[in-house]
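Me: I would like to learn how to read the features of a model like this one. Could you take me through it step by step?

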Amino acid sequence: MTRSLWARRGLGQAAVLVCQVCVVAGMIGVWELASQRQWIDRLAWSRPSAIWPRLESTIRSDTFLEDLRVTATSMSIGFLIGATLGFAVGIVVWRFTLIQRMAEYVLMALQAVPFMVFYPLLLAVFGLTRTPVIILVAAGVLIPVAVNVSLGLGNVSPHLPKLAESLRCGPLTAFWKVRLPAAMPLIFPGIQLGFIYAVVGTIGMEFILASKGLGFRVGASYRHFQPDQMYADIVIVCVFAILASVLIKMVGRFVSVADLQ
Amino acid sequence: MSEMVVPDLVRASTSTGEPAVKPARPTWQSRGLPALITIALTLAIWLLLSLRSPLVAPPQAAFVEAINGLRDGWLRTALASTLGSVLVGFGAAFITGLFVAMVLASSNFLRRVFDPLLAAYGAIPRVVFFPALLSIFGLSATSKQAMGYLSAIYPLIVTVTAGIVSIPPALNKLSASLRLRGFKRFRLVVAPAALPSVLLAARLGFSIALISVIISEYFGARSGLGVVLSESYARLNTDRMYAVVLTIAVIATVTNMGLWSLQRRLSR
């Protein structure tokens with residue numbers, strides 16, 4: 001690229017960044033201003049200047065570390081179980097067309113049923129542990145992974161299996177070494193979606209059902225009539241979720257770059 | 001493989017807007033038979049689970065309870081409350097979302113600015129906003145409507161923007177060569193080309209709004225399906241609980257299928 005093109009590109013990026021910073025800072029500014037000017041209720045809406053000190057004290061506390069640990073472990077375990085099972089289910093669905101068709105309908109109905117209705121059943125079986133949360137999260141992760149695995153496997157260019165056949169690969173080799181890698185561009189977004197669901201689902205489940213964890217903490221602050229603390233906890237959850245999604249996107253970029261090598 | 005719901009999310013998230021699979025034309029047998037088998041299998045598994053555990057109400061009990069609920073009224077009022085809030089929240093999200101999507105689609109720079117911000121918003125479990133909404137709006141219908149709005153707005157904006165952006169440039173050139181401007185161009189070119197994405201977004205947004213409103217009701221509201229769910233859970237009235245679950249599943253399936261067939265008919 002010529003120097004002027006580089007400069008223009010850099011300028012464009014800088015402009016984008018400046019705008020983003022302005023938007024976010026503007027929203028925080030308006031919030032603070034509206035609260036100071038009493039356009040909005042001080043207790044119900046809180047204000048950034050009150051939330052910030054709460055944030056600082058919360059992060060330093062032991063309860064926060066415990067909540068973070070609990071949420072992170074539940075999320076990771078749920079994701080791993082869900083992704084592995086999802087992979088298996090996806091392969092099965094891909095192989096059998098009848099199951100494929102059935103799966104569509106199951107999916108449509110399952111989409112709007114809150115999984116938490118199965119919570120009493122899981123509670124009776126597993127007791128008041130993290131297991132029900134983990135199982136519900138795994139169930140949620142399973143779906144996008146399974147769907148994308150079956151979609152990806154079905155969308156492989158027909159030349160590749162023929163190539164595998166002409167190279168006299170056995171069916172297992174043809175699957176693992178040819179079809180599966182070729183399907184990765186469609187499979188990986190499913191894994192990403194599953195991860196995002198693991199984060200969102202864990203926090204959501206904790207909010208409704210659990211007694212520990214970042215999601216639970218928000219509800220607890222609400223019930224204890226501590227609005228500033230509640231908003232601080234909400235901010236913590238937001239930052240956690242955003243960091244997790246940035247992480248998985250970076251992994252995604254790394255994988256696709258590695259693919260291109 | 002014919003269309004599924006989550007692959008459409010893939011479409012939106014991989015942001016090429018190109019369909020990953022061309023849907024095949026299904027025959028009545030290939031559509032009817034799997035549906036029947038699925039329903040039969042689901043009922044069978046449900047029945048088995050209910051026999052093994054007293055915490056799961058058998059399907060026939062749930063069904064009877066639902067019918068009684070419609071007749072006696074509690075299900076009718078709960079449905080009216082929930083669906084009303086869903087329609088308000090989703091409707092508002094649909095209108096504002098469409099508007100925002102059109103603005104975003106028209107400017108590359110705006111997209112570059114707002115895509116990361118929107119992605120950050122989408123990563124947040126929006127359920128945690130609910131206590132804040134309760135603080136602000138109190139224990140009223142507005143809280144759950146706002147919840148539905150906040151949940152549905154993100155997939156609506158993302159999907160519709162991707163849909164408008166992925167209109168083939170040939171169509172834009174066609175409208176330029178036909179000297180179509182403004183509203184005429186919108187009506188004759190942009191709107192029909194974007195319609196499948198808009199319907200897809202509506203389908204996604206409605207399901208998400210439905211589940212958000214129900215979860216909000218479960219946590220704190222005056223009326224609605226989620227309230228019935230939480231009350232029957234507290235009283236261990238499993239018949240009523242599963243009657244509500246059954247109702248929700250039926251609503252979700254019917255709306256989804258309705259919008260899905262509309263989408264397919266319009267994208268031919």
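This is a predicted model: local features need pLDDT of at least 70, side-chain atom pairs count only at pLDDT 80 or more; totals for chains, interfaces and linings use all residues.

Me: How many helices and strands does chain B have?

Reply: Helices (H or I, at least four residues) and strands (E, at least two) are DSSP runs, numbered from the N terminus. Chain B has eleven helices and zero strands.

Me: What share of the residues of chain B count as buried?

Reply: Buried means under 20% relative accessible area, exposed over 50%, and partly exposed in between (1.4 Å probe, protein chains only). In chain B, 49% of the 268 residues are buried.

Me: Which helix of chain A is mostly covered?

Reply: Look at helix 10 of chain A (residues 214–223), where seven of the ten residues are buried. Among them are L214(A), F216(A) and V218(A), along with the glycines G215(A) and G219(A). Just after this helix, F225(A) takes a positive phi of about 55°.

Me: Which residues other than glycine have a positive phi, and are they buried or exposed?

Reply: S46(A) has a positive phi of about 55° without being a glycine, and it lies in the loop between helix 2 (42–45) and helix 3 (48–60) of chain A. With a relative accessible area of 0%, S46(A) is buried. L236(B) is not a glycine either, and its phi is positive at about 55°. This residue is in the loop between helix 10 (225–234) and helix 11 (238–266) of chain B. L236(B) has a relative accessible area of 54%, so it is exposed.

Me: How many aromatic pairs are there over all chains?

Reply: Rings of Phe, Tyr and Trp (its six-membered ring) pair if their centres lie within 6.5 Å; planes under 30 degrees apart count as stacked, over 60 as edge-to-face and the rest as tilted. That rule gives ten aromatic pairs over all chains. In one of them, the ring centres of F90(B) and F206(B) are 5.7 Å apart and the planes meet at 85°, so this pair is edge-to-face. The pair links distant parts of the chain, 116 residues apart: F90(B) is in helix 4 (residues 74–106) of chain B and F206(B) in helix 9 (residues 182–219) of chain B. F90(B) is buried at 11% relative accessibility, and F206(B) is buried at 10%.

Reply: F130(B) and F219(B) form another edge-to-face aromatic pair, with 6.0 Å from centre to centre and 75° between the planes. Here F130(B) comes from helix 6 (residues 130–137) of chain B and F219(B) from helix 9 of chain B, 89 residues apart. F130(B) is buried at 2% relative accessibility.

Me: Which residues do ring pairs link into a cluster?

Reply: The cluster brings together F207(A), Y222(A), F130(B) and F219(B).

Me: Where does an arginine lie over the face of a ring?

Reply: A charge sits over a ring if NZ of Lys or CZ of Arg is within 6 Å of the ring centre and within 35 degrees of the ring normal. R240(B) lies over the face of W74(B), 4.1 Å from the ring centre.

Me: Which residues form a nonpolar patch on the surface?

Reply: Like charges are joined within 9 Å, and nonpolar side chains (Val, Leu, Ile, Met, Phe, Trp, Tyr) within 5 Å. Accessible areas come from the Shrake-Rupley method with a 1.4 Å probe; for residues, only the protein chains shown count as cover. The patch consists of F99(B), V100(B), M102(B), V103(B), F183(B) and F186(B), with about 550 Å² of accessible area together. Helix 4 of chain B gives the most, with four residues. F186(B) is in helix 9 of chain B, and at 34% relative accessibility F186(B) is partly exposed.

Definitions and conventions:
Residues are numbered from 1 along each chain as its sequence is written. Chains are lettered from A and ligands numbered from 1 in the order in which they are written. Side-chain values use heavy atoms; hydrogens and water are left out. Patches are made of residues with over 30% relative accessible area and no salt bridge: like charges are joined within 9 Å, nonpolar side chains (Val, Leu, Ile, Met, Phe, Trp, Tyr) within 5 Å. A salt bridge is a side-chain nitrogen of Lys or Arg within 4 Å of a carboxyl oxygen of Asp or Glu.
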